[in-house]
Amino acid sequence: MPAIIHPGAVIHCWDHLVITLRDGPAGSETGFVSLYAVTYSPSLGAGHVAIVEVPGAAGGGLMATLTDDLGLGARQQERLIAMGDGRLALRRPPVEARFERIPYGPDGFGFRLWTEEHAIEAHWDRTEPPFWVDGQNGGFHDLEDIWAVMVGARAARVLVDGVEVPGAPFEDEAWTPRLGRTLSSAHGAFAEVRVQPVSDRATGSVPDGRR
C-alpha cells in the first residue's frame with residue numbers, strides 16, 4: 001500500500017522547544033524560553049527565533065525576541081500576537097543573535113544563543129521517551145492539521161551570562177485536553193509540521209486541483 005499524501009498545503013515545518021520555569025508548582029514564573037528552529041515556512045521564512053523572558057536577570061530583567069534574521073523575527077512576533085500571545089518580549093523589536101544547537105543525546109538537548117549583550121543557554125535535561133502526536137481533524141487547531149515528535153524533560157536549565165535562572169519545570173495541565181495527559185513545561189516538538197486541513201485525504205497521489 002502506498003504512503004498517504006496529505007493534499008493540504010504545508011504551512012510551517014520546525015522544531016519548537018519550550019521551557020517555562022516557576023519558583024514552585026503554583027509559584028510565579030522565573031524564566032521562559034520558546035525557541036523555533038524553522039526549516040520551511042512560506043509566510044515566515046527560515047531560521048531561528050527565540051522568545052526569552054527572565055524577569056530576574058541582571059540589569060532589570062531580560063525580555064527579548066532573539067533571531068538570526070530580523071525579518072523572520074518580526075514576522076513571527078506578528079503571528080504570535082495575532083494568535084493572542086500577550087508576552088512583553090513580542091512587543092519589543094527583535095534582537096540579532098547567533099544560535100548553536102546542543103545535539104540531542106542521552107542527557108537531553110539544548111541551545112546556546114549570543115547577542116551583543118548576553119549569552120544564553122537553554123538545556124532540556126532528563127528527557128522522557130519521545131512520542132508521536134497526530135493532530136489531524138482539529139486535534140490541536142481548527143485551522144491546521146499538526147504532527148510532531150513530542151518529548152518532555154523532567155529537568156531544565158536556563159542560564160543568562162553564566163548565571164542559572166532559579167525555578168523548575170512543572171507538569172502542565174493545559175495539555176490534558178489536547179493529549180489526554182499532562183506534559184512537562186519543559187518540552188520539545190520536533191519535526192512539527194502544520195498543514196492546511198482538507199475534508200478528505202489522498203492515498204498515493206494528489207487529487208486534481210490540489211497540486
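This is a predicted model: local features need pLDDT of at least 70, side-chain atom pairs count only at pLDDT 80 or more; totals for chains, interfaces and linings use all residues.

Reader: How far apart in sequence are the parts tied together by glutamate 53 and arginine 87?
Author: Glutamate 53 and arginine 87 form a salt bridge, with their closest N and O atoms 2.8 Å apart. Glutamate 53 belongs to strand 4 (residues 47–54), while arginine 87 sits in the loop between helix 1 and strand 6 (95–96), so the parts that this pair ties together are separated in sequence by 34 residues.

Reader: Are glutamate 53 and arginine 87 buried or exposed?
Author: Buried means under 20% relative accessible area. Glutamate 53 and arginine 87 are both in that class: buried.

Reader: Which residues are linked with Glu53 in a network of salt bridges?
Author: Glu53 forms a salt bridge with Arg87. The network of salt bridges that holds Glu53 links it with Glu29 and Arg87.

Reader: Which strands does the salt bridge between glutamate 100 and arginine 112 tie together?
Author: The closest N and O atoms of glutamate 100 and arginine 112 are 2.8 Å apart. The two residues are 12 residues apart in sequence, and the pair ties together two strands because glutamate 100 lies in strand 7 (residues 98–105) and arginine 112 in strand 8 (residues 108–114).

Reader: What is the accessibility class of glutamate 100 and of arginine 112?
Author: Partly exposed covers values between under 20% (buried) and over 50% (exposed). Glutamate 100 has 35% relative accessibility, so it counts as partly exposed. Arginine 112, at 29%, also counts as partly exposed.

Reader: Which side chain makes a polar contact with the side chain of glutamate 144?
Author: Glutamate 144 is in the loop between strand 10 (131–135) and strand 11 (145–160). Its relative accessibility is 10%, so glutamate 144 counts as buried. At 2.4 Å, the partner of the glutamate 144 side chain is that of arginine 194.

Reader: Which residues form the negative surface patch?
Author: One of them is Asp68, in the loop between strand 5 (62–67) and helix 1 (70–82). Aspartate 68 counts as partly exposed because its relative accessibility is 32%. The patch is formed by Asp68, Asp69, Glu96, Glu116 and Glu117.

Reader: How far apart in space are proline 7 and valine 195?
Author: Proline 7 is in the loop between strand 1 (4–5) and strand 2 (10–22). With 8% relative accessibility, proline 7 counts as buried. Proline 7 and valine 195 are 188 residues apart in sequence, and their C-alpha to C-alpha distance is 8.8 Å.

Reader: How far apart in space are leucine 183 and glutamate 53?
Author: Leucine 183 is in strand 14 and, at 0% relative accessibility, counts as buried. Leucine 183 and glutamate 53 are 130 residues apart in sequence, and from C-alpha to C-alpha the distance is 21 Å.

Technical notes
Residues are numbered from 1 along each chain as its sequence is written. Side-chain values use heavy atoms; hydrogens and water are left out. Patches are made of residues with over 30% relative accessible area and no salt bridge: like charges are joined within 9 Å, nonpolar side chains (Val, Leu, Ile, Met, Phe, Trp, Tyr) within 5 Å. Accessible areas come from the Shrake-Rupley method with a 1.4 Å probe; for residues, only the protein chains shown count as cover. A salt bridge is a side-chain nitrogen of Lys or Arg within 4 Å of a carboxyl oxygen of Asp or Glu. Lys and Arg count as positive and Asp and Glu as negative; His and the chain ends are not counted. The place of a charge is taken as NZ of Lys, CZ of Arg, CG of Asp or CD of Glu. Helices (H or I, at least four residues) and strands (E, at least two) are DSSP runs, numbered from the N terminus. Buried means under 20% relative accessible area, exposed over 50%, partly exposed in between (1.4 Å probe, protein chains only). A polar contact is a pair of N or O atoms within 3.5 Å; within protein, one must be able to donate a hydrogen and the other to accept it, and residues adjacent in sequence count only if both atoms are side-chain atoms.
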